[in-house]
Amino acid sequence: MGTGAAVAIDRRRHPVGMTFAPWIAADGWALRAFDWPAEAPRGRLLFLGGRGDFAEKYLEAMAHWRAAGWSIAGFDWRGQGGSGRLLADPLVNHLDSFEPLLEDLTAFVDDWRRGGGPHVAVAHSMGGHLLLRLLAERGVRLDAAVLAAPMLGIRAGPLGTRAIALAARGAVAAGQGRRCLWKGDAGHVRGRMTACPERQADKVWWKATNPAIASGAPSWGWTLAACQSLARLHAAPLERVATPALLLVSARDPIVSRRAILRTARRLPCAEVAVYAGQGHELLREADARRLAVMARIDRFLPPL
């Protein structure tokens with residue numbers, strides 16, 4: 001399937017054959033993992049969401065890849081989705097460090113790769129950031145990696161990573177590390193996350209129907225941890241990453257830095273980049289006119305049958 005053709009699915013229902021089960025990390029933390037085997041497998045695809053995400057947001061994209069023969073697996077990151085919270089207030093998306101997330105990913109991938117290949121990964125935003133750290137710092141090699149709007153630099157209006165890091169460091173030093181940056185859902189700002197109101201409504205529906213998977217704004221602690229993790233990523237030996245990588249981003253993405261993505265791609269020996277017009281951050285959840293072009297580009301990049 002290389003056309004990016006739409007796959008019909010009820011975006012507000014767990015599909016038949018998709019299962020959820022706890023996956024226990026090395027420190028005993030229970031992450032909500034999911035598994036959706038293909039009927040005629042061509043290989044295994046690991047999907048990794050972004051900050052504040054949960055698996056249900058991407059059922060449509062996963063159904064597309066499964067229809068193409070990929071058995072799907074993945075998990076909700078600790079501190080969000082169905083993988084518990086680090087604070088009493090479940091709507092504050094908080095972390096003190098990204099290192100536990102990287103440890104979780106390393107161990108999960110070690111288990112996941114024991115199944116037959118080829119092994120590929122598609123990762124969005126924060127997931128793309130952590131996947132690239134895995135490839136660069138841990139020496140893991142996959143058959144292909146797709147990074148959709150990867151968090152390789154962050155933005156907040158006119159502010160870039162350095163200014164955001166300075167503000168976050170000051171807030172944490174002032175004892176505000178567990179305070180969220182804003183109230184409410186920034187995704188409601190038209191076009192900020194996706195320009196598709198139906199898919200935005202799907203996210204709101206899932207969070208209202210199953211509040212246990214919902215989270216809100218990041219904390220100042222999360223923001224500082226993200227900036228520190230970015231520094232580690234850019235200090236890593238990206239030139240040694242042997243996995244073929246496809247990096248996708250909107251020209252005016254309001255969340256991640258397009259320039260940082262292009263700079264990073266130049267350091268990767270096996271990288272391709274596609275830049276799309278517009279500003280939406282969630283390329284996999286856009287209106288079909290845009291989303292299907294993105295899916296087709298990913299189809300062409302993944303290893304053939």
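Which residues lie nearest the centre of the second largest pocket? They are Leu-152, Thr-161, Arg-162, His-234 and Arg-263, out of 24 residues that line this pocket; the views below start from the whole chain and return to them.

This is a predicted model, in which local features need pLDDT of at least 70, side-chain atom pairs count only at pLDDT 80 or more, and totals for chains, interfaces and linings use all residues. Residues are numbered from 1 along each chain as its sequence is written, and side-chain values use heavy atoms, with hydrogens and water left out.

**View 1. The protein chain has eight helices and eight strands.** Helices (H or I, at least four residues) and strands (E, at least two) are DSSP runs, numbered from the N terminus. The radius of gyration, 18 Å, is close to the 19 Å that the globule rule gives for 305 residues, so the chain is as compact as a globular protein of that length. That radius is taken over C-alpha atoms, and the rule is 2.2 Å times the number of residues to the power 0.38. Buried residues make up 55% of the chain, where buried means under 20% relative accessible area (1.4 Å probe, protein chains only).

**View 2. Phe-98, Leu-105 and Leu-131 touch the most other members of the largest nonpolar core, which has 54 residues.** Helix H3 (residues 126–137) gives the largest share of this core, seven residues. Apart from it lies another core, of 33 residues, including Phe-34, Phe-54, Val-120 and Leu-248. A nonpolar core is a set of buried Ala, Val, Leu, Ile, Met, Phe, Trp, Tyr and Cys residues joined through side-chain atoms within 4.5 Å. Beyond its neighbours within four places in sequence, Leu-131 has contacts (heavy atoms within 4.5 Å) with Leu-48, Leu-105, Ala-121, Ala-123, Leu-142, Ala-145 and Leu-147.

**View 3. The largest pocket has a volume of about 650 Å³.** Among its 36 lining residues, Arg-51, Trp-182, Arg-192, Pro-218 and Ile-255 are the closest to its centre. Two or more lining residues come from each of helix H4 (161–173), helix H5 (197–209) and helix H6 (220–235). On a 1 Å grid over the protein atoms alone, a pocket is an open set of points with protein on both sides within 12 Å along at least five of seven lines, whereas a cavity is a set where a 1.4 Å probe fits but cannot get out; lining residues have an atom within 4 Å of a point. Grid points are joined across faces, edges and corners, and a volume is the space filled by probe spheres set on the points.

**View 4. The second largest pocket holds about 420 Å³ of space.** Leu-152, Thr-161, Arg-162, His-234 and Arg-263 lie nearest its centre. H6 supplies the largest share of the lining, six residues; H4 and helix H7 (258–267) are also among the elements that supply at least two.

**View 5. The largest cavity holds about 100 Å³ of space.** Arg-11, Lys-57, Tyr-58, Glu-60 and Arg-285 are the closest to its centre, out of 13 lining residues. Helix H1 (59–67) and H5 each give two or more of them, and H5 has the largest share, four residues.

**View 6. The second largest cavity has a volume of about 60 Å³.** Its lining includes Phe-34, Phe-47, Leu-48, Asp-53, Phe-54, Tyr-58 and Trp-77.

Technical notes
Buried means under 20% relative accessible area, exposed over 50%, partly exposed in between (1.4 Å probe, protein chains only).
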